[in-house]
Amino acid sequence: MKKAKLVAALVGALCVAGSTGAFAQKVYWTTSGMFGPFDIRGLIPALPVEKSRQITIPVSMWIIDHPKGLVVFDTGNNVAIGENCKAYWAPGNCDFLKPSQKREDVIDMQLQKLGYSADKVKVLVSSHSHLDHIGNIEMFPKAIHVIQKKELYQAWWPEKFQGRTSPGSFVMADIDNAREFNYLELNGDYDLFGDGSVMIYSTPGHTIGHQSMKVKLASGQVIIIAQDAIWMQENLDGYPAGLNYSVKDYTDSVNRLKMMRDLEGTELFMAHDGEQFKAKGSRWYK
Ligand SMILES: [Zn+2]
């Protein structure tokens, strides 16, 4: 009798855990248009000439439908890029990256296409504050914005070698009207809903406060979303990205994510890998 009661209590507890969101319902991988084509060595100069190739790459954004609230991880390029890139970004960035963003590629329209609206987004997580990741946070004034505290400082005052003015990868116009938003300012890893279903991991190096995400789905699938901690396959193969705040921290973060992937036997999704997105993007994970 006692044992039966205990079992019933355990089953009850598990049901409660399930219904209150120990897992994300579903996750969608999309892109804010594409970049390219351009020579991969423009991004990864360490790559030997014989591995040079033309690449067209996604600008990854993720939508996480969770019982405790709708989450967006990165907001792509600013909406203005589709209209007149050079009026918004430094011309050199437009010429090199060749963004092909259409209005329907922008995060608000992507949400609409999937049956959501931007004002229903509860949590906006930004991996970092570069122009192709934080571009549309101003579309989410009501959300809780989750970002590393150091990254907020860097967004407003990047190191000079990364460009403080328009030629760099930090665009002040992306964030200038977002100063009064609600920021959950992190100093390291964070369990977003307190149940292990959406974990934020500090993965610095690309920028001073870059962060990645791990999502657990009800099916048991675990998704590790590296974003710019690992741009593409060549970085996994050991060729470092050509844009780093700290190469040492970058290398530590790549290794951390790779080991996490191997220990958990799961897949690592990269922000700018054309082949991976072609095979696995524009779809739901459940
Ligand atoms: Zn990026």
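Student: What does α7 span, and how far does it reach?

Tutor: Helix α7 covers residues 247–264, 18 residues in total. From first C-alpha to last it reaches 26 Å, close to the 26 Å expected at 1.5 Å a residue. Keep in mind that this is a predicted model.

Student: Which residues of α7 are buried?

Tutor: Y250, S253, V254 and L257. Seen down the axis of α7, the buried residues fall within an arc of 100 degrees, so they line one face of the helix.

Student: What do the buried ones pack against?

Tutor: The buried residues of α7 pack against β9 (211–216), β10 (222–227), α6 (233–236) and β11 (267–270). The face turned away carries exposed residues, including K248, N255 and D262.

Student: And what follows α7?

Tutor: G265, with a positive phi near 60 degrees.

Student: New topic. What's the strand order in the open sheet?

Tutor: β6-β5-β4-β3-β2-β1-β12, seven strands with mixed pairing. β6 (182–186) and β12 (283–285) stand at the edges with a single partner strand each, so one side of each lacks a neighbour in the sheet.

Student: How do β4 and β5 run, parallel or antiparallel?

Tutor: Parallel, joined by three bridges. L124 stands opposite H145 in β5. Helix α5 (residues 149–156) lies across β5 and β6, at about 90 degrees to β5.

Student: Where does pLDDT stay under 50?

Tutor: Over residues 11–20. The chain averages a pLDDT of 92. Where pLDDT is low, the predicted coordinates should not be read in detail.

Notes:
Residues are numbered from 1 along each chain as its sequence is written. This is a predicted model: local features need pLDDT of at least 70, side-chain atom pairs count only at pLDDT 80 or more; totals for chains, interfaces and linings use all residues. Helices (H or I, at least four residues) and strands (E, at least two) are DSSP runs, numbered from the N terminus. The expected span of a helix is 1.5 Å times one less than its number of residues. A residue is buried if 20 or more other C-beta atoms lie within 10 Å of its own, exposed if 12 or fewer, and partly exposed in between; C-beta atoms are placed from the backbone. The arc is that of the directions from the helix axis to the C-beta atoms. Two residues are in contact if their C-beta atoms, placed from the backbone, lie within 7 Å. pLDDT is the predictor's confidence in each residue, from 0 to 100. Two strands pair if DSSP finds at least two bridges between them. Axes are lines fitted to C-alpha atoms, for helices over the stretch in contact, and angles run from 0 to 180 degrees between N-to-C directions.
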